[in-house]
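Thank you all for coming.

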Amino acid sequence: MSSDALTLTRPDDWHLHVRDGAAMAAVVPHTARQFGRAIIMPNLRPPVTTAAQALDYRARIQATVPAGVDFQPLMVLYLTDNTPPEEVARARAAGVVAFKLYPAGATTNSDAGVTDIRKCYATLEAMQREGLLLLVHGEVTDPAVDVFDREAVYIDQVLIPLRRDFPGLKIVFEHITTKEAAEYVAAADALTGATITAHHLLYNRNAIFTGGLRPHYYCLPVLKRELHREALVKAATSGSPKFFLGTDSAPHPAHLKEHAAACAGCYTALHAMELYAQAFDRAGALDRLEGFASFYGADFYGLPRNAGTITLKREAWTLPESLAFGDAQLKPLGAGETLDWRFVG
Ligand code: NCD
Ligand code: ZN
């Protein structure tokens with residue numbers, strides 16, 4: 001493989017927020033340009049909790065995909081304490097591929113989330129039976145637990161018992177951020193996978209505090225210390241099919257990021273593959289990028305790999321300072337900075 005150009009099977013984004021309305025219309029074309037498919041997170045207000053709502057949302061997303069671009073949104077329902085088990089069969093019939101488990105209050109628009117996983121057991125049984133995946137935001141919400149420890153504590157308190165009680169359920173531990181999570185997934189059975197964001201591969205928590213408080217580096221789960229970033233890079237570049245690409249690109253208007261109570265979320269859909277290429281390049285593992293970005297997620301979900309290809313070039317380019325986002329502005333992560341890789345189509 002030439003070191004200045006990289007051609008990969010068209011990748012997929014297994015964790016993405018696109019919002020709705022004019023904001024959605026501003027961001028979907030960025031993802032559709034780079035990725036064949038994306039797992040669409042259901043944390044709208046109100047959340048996407050029924051198959052009927054997912055079908056409507058999918059149609060609204062499809063209407064924002066530029067003509068001639070082949071992009072498929074993969075829909076997910078938001079699991080609540082009250083999701084009826086019968087919704088699972090309706091979801092499957094509608095082409096919904098997964099449910100998302102947000103612990104109530106863990107992150108943006110998660111108030112309707114699950115207060116106690118035991119309330120969902122009948123629905124989880126139906127998911128296991130019907131072959132739908134469970135996507136987990138793995139952080140405890142107990143205010144007594146330090147923010148930086150919430151993911152590691154979640155593994156012991158929730159994930160290990162959940163896996164024991166549902167041995168046949170496919171579970172994706174979303175946007176893992178710690179050494180503990182990477183080790184847990186690496187050692188788990190074949191039905192347990194994890195997504196890793198580009199920002200957690202590139203940055204540690206110092207990024208939030210360098211030269212002042214930097215809200216554009218604030219996301220959930222929050223960036224961790226360097227040893228965790230190193231463990232994530234090791235996992236992503238290991239060639240293990242349990243780890244795959246999920247940007248967690250989460251756009252918020254710039255004025256709500258640059259705010260006394262800054263919203264959590266980094267916008268990376270504009271330059272996702274460039275960021276991942278940078279992370280893999282720095283690790284000397286560009287040859288492992290295609291498996292992580294284009295193969296392992298599709299294989300885990302039981303979907304075919306994409307047919308086309310994309311190309312990245314080693315070519316410096318400078319990120320715009322901001323983008324239009326409905327009536328507001330949107331700042332891509334690293335706005336104004338120069339990247340080493342460029343997506344060329
Ligand atoms: C996400 C959002 O803004 O919807 N924010 C984030 O920091 N990742 C929610 C989430 O995935 O936790
Ligand atoms: Zn997310």
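Predicted model: local features only at pLDDT ≥ 70, side-chain atom pairs only at ≥ 80, totals over all residues.

Let me begin with the charged side chains: the structure holds 16 salt bridges, where a salt bridge is a side-chain nitrogen of Lys or Arg within 4 Å of a carboxyl oxygen of Asp or Glu. Residues are numbered from 1 along each chain as its sequence is written, chains are lettered from A and ligands numbered from 1 in the order in which they are written, and side-chain values use heavy atoms, with hydrogens and water left out.

One of these salt bridges joins the side chains of D81 and K119, at 3.8 Å from N to O. D81 sits in the loop between β4 and α3 and K119 in the loop between β5 and α4, so this pair ties together parts that are 38 residues apart in sequence; helices (H or I, at least four residues) and strands (E, at least two) are DSSP runs, numbered from the N terminus. Are the two partners buried or exposed? D81 is buried, with a relative accessible area of 18%, whereas K119, at 52%, counts as exposed; here buried means under 20% relative accessible area, exposed over 50%, and partly exposed in between, with a 1.4 Å probe and protein chains only.

Another salt bridge, between K331 and E258, has an N to O distance of 2.8 Å. K331 lies in the loop between β12 (328-330) and β13 (338-343), and E258 in the loop between α9 (254-257) and α10 (272-282), so the pair ties together parts that are 73 residues apart in sequence. By contrast, K179 and E183, whose side chains meet at 3.1 Å, N to O, both lie in helix α6 (residues 179-187), four residues apart, or about one turn of the helix. There is also a network of salt bridges that links D4, D281 and R314.

Now to strand β5, residues 98-101, which is covered on both faces: A98 and K100 on one side, and F99 and L101 on the other, are all buried. Strand β4 (residues 72-78) runs parallel to β5 and is joined to it by three bridges, and two strands pair if DSSP finds at least two bridges between them.

Which helix gives the most to the lining of the largest pocket? Helix α5 (residues 150-165) does, with six residues. By class, the lining has 11 nonpolar, three polar and five charged residues.

Key: Nonpolar A, V, L, I, M, F, W, Y, C, P; charged D, E, K, R; others polar.
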